[in-house]
Amino acid sequence: MAFVRNILGAKKLLGRSLSAASASKRAASAAPKGFLAVYVGEGQKKRYVVPVSYLSQPSFQALLNKSEEEFGFNHPMGGLTIPCPEDIFITLTSRLQ
């Protein structure tokens, strides 16, 4: 009987640690309110956090259209992936500010 209690206790403890780990992972990957996380690059992807106000800009919408053509709704990074060179993305977004 003690063995069963130990297993149940270990299972409960493991469940707590897994849920805490996933919650901290979500918090680390979440973008602040009013911002959107995107992954940019052609080979190695880098994460950027941009204001949601960029979504209404025609030049940023062109990047989103390119992303839609390449990935559809299946983004390999788990978030919005923009297939463009990092330097072009930085140049474009610096003009939007």
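Guide: Let us begin with Gly 41, which lies in the loop between β1 and β2. Please keep in mind that this is a predicted model.

Visitor: Is Gly 41 buried or exposed?

Guide: Gly 41 has a relative accessible area of 3%. It counts as buried because the cut-off for that word is under 20%.

Visitor: Which residues does Gly 41 touch, leaving out those up to four places away in sequence?

Guide: Gly 41 touches Ile 82, Pro 83 and Cys 84.

Visitor: In which sense do β1 and β2 pair, parallel or antiparallel?

Guide: Strand β1, residues 35-40, and strand β2, residues 46-51, pair in the antiparallel sense, over six bridges. Within this pairing, Val 40 stands opposite Lys 46 in β2.

Visitor: And how does β1 pair with β3?

Guide: Those two strands pair in the parallel sense over three bridges, with β3 covering residues 80-82. Here Val 40 stands opposite Ile 82 in β3.

Visitor: Let me change topic. How many aromatic pairs are there in the whole structure?

Guide: A search finds three aromatic pairs. One of them joins Phe 60 and Phe 89, a tilted pair with 6.4 Å centre to centre and 55° between the planes.

Visitor: Why does that pair tie together parts that are 29 residues apart in sequence?

Guide: Phe 60 lies in helix α2, residues 58-71, whereas Phe 89 lies in helix α3, residues 86-96, so the pair links those separate parts of the chain. Both Phe 60 and Phe 89 are buried.

Visitor: Which residues do ring pairs link into a cluster?

Guide: The cluster consists of Tyr 48, Tyr 54, Phe 60 and Phe 89.

Visitor: One last topic: where is confidence lowest, and where is it highest?

Guide: Confidence is lowest in helix α1, residues 2-29, at a mean pLDDT of 47, and highest in β2, at 92. Over residues 17-28 the pLDDT is below 50, and this stretch has zero contacts in the model beyond near neighbours in sequence. Where pLDDT is low, the predicted coordinates should not be read in detail.

Visitor: What does the protein chain average?

Guide: The average pLDDT is 75, and 64% of the residues score at least 70.

Conventions. Residues are numbered from 1 along each chain as its sequence is written. This is a predicted model: local features need pLDDT of at least 70, side-chain atom pairs count only at pLDDT 80 or more; totals for chains, interfaces and linings use all residues. Side-chain values use heavy atoms; hydrogens and water are left out. Rings of Phe, Tyr and Trp (its six-membered ring) pair if their centres lie within 6.5 Å; planes under 30 degrees apart count as stacked, over 60 as edge-to-face and the rest as tilted. Helices (H or I, at least four residues) and strands (E, at least two) are DSSP runs, numbered from the N terminus. Buried means under 20% relative accessible area, exposed over 50%, partly exposed in between (1.4 Å probe, protein chains only). Two strands pair if DSSP finds at least two bridges between them. pLDDT is the predictor's confidence in each residue, from 0 to 100. Contact means heavy atoms within 4.5 Å.
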